[in-house]
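The report below is arranged by topic and is meant to be read alongside the sequence and the model.

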Amino acid sequence: MSAQTLPVIDLVHPLPGFPDDRRFALVDLDGSGQLCSLTSLDHDDLRFLVAPPNTFFPDYTPEIDDATIADLDISSVEDVMVLVVLNPGETLLTSTANLKAPVVLNTANRRACQVIVDDADLSVSAPLSA
């Protein structure tokens, strides 16, 4: 499924450091769904730059644990959207992605959470490459 603007996403667990922000909108920033923001509906000035990983990391397939599947009430893999949080640099080439802690979204019920993937090979600051 491609990224698209969804009305409201409820985080079942707040993002680390942002305990009061649980409602976000996924906003398509470039019209293609390749660059999006998770924009807080609780605080006007809080947003995270995110992207579906397939454009930059085609082999990225994080394993989602059973607790997350239960927390998000996921019943079909077709309803799962994975987003990586980007750290923008001066240019796209100097920007990085956090592959260790993707945001997993159940598009059927719009529940999401950030998960820590138990894989020592994944980086929290992987350079973007397309």
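Is Asp42 buried, exposed or partly exposed? With a relative accessible area of 30%, Asp42 is partly exposed, where buried means under 20% relative accessible area, exposed over 50%, and partly exposed in between, with a 1.4 Å probe and protein chains only.

## Basis of the report

This is a predicted model, in which local features need pLDDT of at least 70 and side-chain atom pairs count only at pLDDT 80 or more, while totals for chains, interfaces and linings use all residues. Residues are numbered from 1 along each chain as its sequence is written, and side-chain values use heavy atoms, with hydrogens and water left out.

## The salt bridge

A search of the whole structure finds 1 salt bridge, defined as a side-chain nitrogen of Lys or Arg within 4 Å of a carboxyl oxygen of Asp or Glu. Arg23 forms a salt bridge with Asp42, and the closest N and O atoms are 3.1 Å apart. The pair links distant parts of the chain, since Arg23 lies in strand E2 and Asp42 in the loop between strand E3 (36–40) and E4, 19 residues apart; strands (E, at least two residues) and helices (H or I, at least four) are DSSP runs numbered from the N terminus. Arg23, at 37% relative accessibility, counts as partly exposed. Side chains of opposite charge can pair when their charged atoms come close.

## The aromatic cluster

Phe18, Phe24 and Phe48 form one aromatic cluster. Rings of Phe, Tyr and Trp (its six-membered ring) pair if their centres lie within 6.5 Å, and planes under 30 degrees apart count as stacked, over 60 as edge-to-face and the rest as tilted. By this rule the count comes to 2 aromatic pairs. The ring centres of Phe18 and Phe48 are 5.2 Å apart and the planes stand at 80°, so this pair is edge-to-face. It joins distant parts of the chain, with Phe18 in the loop between strand E1 (6–11) and E2 and Phe48 in strand E4 (residues 47–51), 30 residues apart. Phe18 is partly exposed at a relative accessible area of 28%, whereas Phe48 counts as buried at 17% relative accessibility. Phe24 and Phe48 form a tilted aromatic pair, 6.3 Å centre to centre and with 45° between the planes.

Phe24 belongs to strand E2 (residues 23–28) and is buried at 1% relative accessibility. Not counting residues up to four places away in sequence, Phe24 touches several residues, including Pro7, Ile9, Leu15, Leu38 and Leu46, contact meaning heavy atoms within 4.5 Å.

## Strand E6 and its partners

In E6, 11 of the 11 residues are buried, so the strand is largely enclosed by the rest of the structure. Two strands pair if DSSP finds at least two bridges between them. E5 and E6 pair in the antiparallel sense over 7 bridges, and the bridge partner of Asn87 in E6 is Thr96. E6 also pairs with strand E8 (residues 126–127) in the antiparallel sense over 2 bridges, where Thr96 stands opposite Pro127. With strand E7 (residues 111–114), E6 pairs in the antiparallel sense over 4 bridges, and in E7 the bridge partner of Val104 is Cys113.

## Ser95

Ser95 sits in the loop between strand E5 (80–87) and strand E6 (96–106), and is buried, with a relative accessible area of 6%. Leaving aside neighbours within four places in sequence, Ser95 is in contact with Asn87, Pro88, Gly89, Ala126, Pro127 and Leu128.
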